[in-house]
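Could you walk me through this model in the viewer, one selection at a time? I would like to know what to pick next and what I will find there.

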Amino acid sequence: MFPTQHAILGAIFAFLLHLLYPPFSVLGLTLLFLASFLIDVDHYLLYVIERRDISLRKAYFWCRDLGLTYESLTPKQLKTARIPICFFHTFESTIILFILSFFSEFLFFIFLGFIFHLLVDYTYALIIAINSSKEVTYYHPFLLSYNLFGKTTKELKNLDEFRTKNRAR
């Protein structure tokens, strides 16, 4: 899902929370809104680490193409593909933020923004899986050890080759 879509949905969610529970502060709801899409900064960091480039524009297209590549994989290819893990999208970082949210109202709103973002991501992955008759199990954001220290660079190059071959067809 694109950052603009997350931002729009985050704004709607923050507005609905304001309507349903007016005592929430404007600052808190603003933090929730920002967290609902700025969580994706880890995608940019993955690009910087993998490609050793800081271009935000190139990172956007790289992440977009990588997502489209994963969506185009067959169920057999999905079983062998290793999906790069973005740290803020992991169960571990969510638990840490949840614990810290007990000590700060602002961290609580950031936590809500993260949770909303992850729910939107899961819903999007489920819709793609249903529309393409694929299993949802290919989406692994909660397994930090799954690929954080794996051979990501090599595997991403293999996915680049796969994408290039499939575009030629």
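Predicted model: local features only at pLDDT ≥ 70, side-chain atom pairs only at ≥ 80, totals over all residues.

**The whole chain.** Begin with a cartoon view of the protein chain. You will find 9 helices and 0 strands, and reading along the sequence gives the pattern α-α-α-α-α-α-α-α-α. Of the 169 residues in the chain, 35% are buried. Now consider the contacts between residues at least 6 apart in sequence: 67% of them join residues at least 24 apart.

**Helix 4.** Next, select residues 56–72, which form helix 4. This helix has 17 residues, and from its first C-alpha to its last it reaches 24 Å, close to the 24 Å expected at 1.5 Å a residue. Show the side chains of Ala59, Trp62, Asp65, Leu66, Thr69 and Tyr70, the residues that are buried in helix 4. Why do they sit on the same side of helix 4? Because they cover an arc of only 140 degrees around the axis.

**Cys63.** Stay in helix 4 and pick Cys63. Its relative accessibility is 23%, so Cys63 counts as partly exposed.

**Helix 3.** Move on to residues 41–51, which make up helix 3. Which residues of helix 3 are buried? They are Asp42, Leu46, Tyr47 and Glu50. These residues cover an arc of only 150 degrees around the axis, which puts them on the same side of helix 3.

**Where the two helices meet.** Display helix 3 and helix 4 together. In general, a packed pair of helices is described by the angle between the axes and the distance between the axes. Here the angle is about 100 degrees and the axes are 9 Å apart. Angles from 65 to 115 degrees count as roughly perpendicular, and helix 3 and helix 4 are therefore roughly perpendicular to each other. To see the contact itself, select His43, Tyr44, Leu46, Tyr47, Glu50 and Arg51 on helix 3, then Leu56, Lys58, Ala59, Trp62 and Cys63 on helix 4. Colour them by residue type, and this contact divides into 7 nonpolar, 1 polar and 3 charged residues.

**Arg52.** Now click on the loop between helix 3 and helix 4, where Arg52 lies. Arg52 follows helix 3, and at 73% relative accessibility it counts as exposed. Its backbone deserves a look as well: most residues other than glycine have a negative phi. The phi of Arg52, however, is positive, near 55 degrees.

**His117.** For the last stop, go to helix 7, residues 105–131, and pick His117. Is His117 buried or exposed? With a relative accessible area of 0%, His117 is buried. Show its surroundings: leaving aside residues up to four places away in sequence, His117 touches His6, Ser36, Phe37, Ile39, Asp40 and His89.

Note on methods. Residues numbered from 1 in each chain as written. Heavy atoms only, no water. Helix = DSSP H or I, 4+ residues; strand = E, 2+ residues; numbered from the N terminus. Expected span 1.5 Å × (residues − 1). Buried < 20%, exposed > 50% of the residue type's maximum accessible area, 1.4 Å probe, protein only. Arc of directions from axis to C-beta. Axes fitted to C-alpha atoms, helices over the stretch in contact; angles between N-to-C directions. Parallel < 35°, antiparallel > 145°, perpendicular 65-115°, else oblique. Contact = heavy atoms within 4.5 Å. Nonpolar A, V, L, I, M, F, W, Y, C, P; charged D, E, K, R; others polar.
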